[in-house]
Amino acid sequence: KIQFVVLFLLTSSIGLAQTITTNKTVTANAGNCGIIDVKVDITGANPITRNSDVVLAIDISGSMGNTISGDFKTSMDYAKDAALAFLNQAKANPQNRIAIVAYSTTASLKIGLTYLNATGVTQITNQINALQATNSTNIYAGIVRSETELETNGRFDCSTARAIILLTDGVTNVTGTSGNTNCNVSKTSQCVTDAINAATNAKTTTKSSVVYNNQVFSVGLFGGISGNINTNNSDQNIAKYTLDNIQGSAAYITQSGANLTAIYNQIATQISWIAQSLIAKETIIPGFTIGGITSTKGTASLSGQVITWNTDFLNSETISLTYQLTPTGSACGNQTVSTSTLNYQNSSCANDSKAISSPSYFVPCTPVITGVLTACGSTTLTASTNASSPTYVWYKDNAVLPGQTSSTLTVTASGVYK
């Protein structure tokens with residue numbers, strides 16, 4: 001496969017001040033009231049006006065010349081249409097720039113970062129229309145060549161947004177700058193690992209000891225790939241895994257080439273970012289085990305009782321962190337189960353922070369069981385708790401006692417009751 005990369009600059013809407021809002025909820029798990037669900041949302045809106053250098057990496061491998069079942073246009077036809085529509089939108093600001101990198105077995109720069117005046121638009125249009133499908137799919141080479149152009153000729157300042165937009169219609173099957181290493185279809189293949197690592201490297205550039213962040217978007221046209229996208233280790237599932245990890249969040253996936261233009265238009269609205277280098281921390285009080293940590297963008301890690309959530313960019317979107325807490329019994333009653341902090345760089349690239357309010361949550365105390373032990377006869381056990389409207393289930397030797405649902409239990413046999 002071959003991809004081409006386009007670097008361009010977009011301008012966001014003006015007249016509205018950018019905003020960052022946060023929301024945190026703490027609720028009982030719907031399936032198990034003993035588990036607490038915590039969710040933190042960060043929402044960005046109204047990005048400021050910003051020029052953009054964007055690289056569109058478009059796959060021109062051999063399969064891009066094929067049609068998808070039920071369609072008469074090839075994947076390459078749709079890729080060209082989407083790129084031209086993207087160019088037409090970007091040229092509203094002549095200070096935007098676009099470069100094109102095409103990749104298949106290897107990658108080549110078709111046109112470097114070019115201002116979107118009349119001459120530049122014509123030159124880029126000609127390069128898009130001239131793309132031809134051939135050979136294999138080397139996503140690694142496409143990203144590396146895109147990064148080289150961005151790093152060498154991009155504008156590295158706070159007023160410019162920089163991005164690579166990668167399009168592919170299949171699973172990466174060769175790697176290396178010369179494309180001479182073949183791979184099996186697998187999530188752990190060298191081709192997949194190289195592509196993901198190349199994208200990670202492309203997301204930062206150091207200039208004069210200053211580290212700048214770049215965005216990487218990935219687009220998958222999967223209608224011609226075999227398998228079900230939700231079936232683990234199918235070709236579509238592996239392709240999605242690759243693109244999700246290249247982007248660092250859910251990639252833009254479609255089964256139909258007719259949707260590519262709309263996807264590119266959607267990405268265009270995300271180029272101008274609202275905040276970057278976001279670090280959110282959740283500090284959980286003692287008395288809870290922590291699990292089920294997921295984020296819709298960026299990466300989250302746990303160290304002791306602290307969850308750290310790192311995200312490169314906040315665009316015009318809502319991103320979320322979720323996790324679950326299970327009480328161990330040492331903390332109960334009204335509790336602020338965790339506190340939150342959010343630090344980031346704002347649109348002026350200055351350090352900033354945002355408050356995240358942490359609601360309180362009522363944690364029922366572990367029931368206290370009391371009773372009078374007798375040598376023979378029966379013993380009445382009583383369970384007491386501060387939970388409102390509690391329900392009871394009694395166990396003997398870790399087995400449920402059917403029908404015992406009141407706060408008291410009369411026992412006549414020895415055992416471990418709870």
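Reader: Are Phe-86 and Tyr-264 buried or exposed?

Author: This is a predicted model. In it, Phe-86 and Tyr-264 are both buried.

Reader: How many aromatic pairs does a search of the whole structure find?

Author: Three aromatic pairs are found in the whole structure. One of them joins Phe-86 and Tyr-264.

Reader: How is such a pair described?

Author: The general idea is that two numbers describe a pair of aromatic rings: the distance of the centres and the angle of the planes. For Phe-86 and Tyr-264 the centres are 5.6 Å apart and the planes are at 90°, an edge-to-face arrangement. Phe-86 belongs to helix α1 (residues 75-90) and Tyr-264 to helix α6, so the pair ties together parts 178 residues apart in sequence.

Reader: Which residues does Leu-260 touch, leaving out those up to four places away in sequence?

Author: Leu-260 is in helix α6, which covers residues 260-268. Its contacts beyond four places in sequence are Tyr-78, Ala-79, Ala-82, Leu-167, Val-219, Leu-221 and Thr-254.

Reader: Why does Leu-260 count as buried?

Author: Buried means under 20% relative accessible area. Leu-260 counts as buried because its relative accessibility is 0%.

Reader: Where does the charged end of Arg-97 sit?

Author: The charged end of Arg-97 is over the ring of Tyr-115, at 5.4 Å from the ring's centre. Arg-50 lies over the face of Trp-273, 4.0 Å from the ring centre.

Terms used
Residues are numbered from 1 along each chain as its sequence is written. This is a predicted model: local features need pLDDT of at least 70, side-chain atom pairs count only at pLDDT 80 or more; totals for chains, interfaces and linings use all residues. Side-chain values use heavy atoms; hydrogens and water are left out. Helices (H or I, at least four residues) and strands (E, at least two) are DSSP runs, numbered from the N terminus. Buried means under 20% relative accessible area, exposed over 50%, partly exposed in between (1.4 Å probe, protein chains only). Contact means heavy atoms within 4.5 Å. Rings of Phe, Tyr and Trp (its six-membered ring) pair if their centres lie within 6.5 Å; planes under 30 degrees apart count as stacked, over 60 as edge-to-face and the rest as tilted. A charge sits over a ring if NZ of Lys or CZ of Arg is within 6 Å of the ring centre and within 35 degrees of the ring normal.
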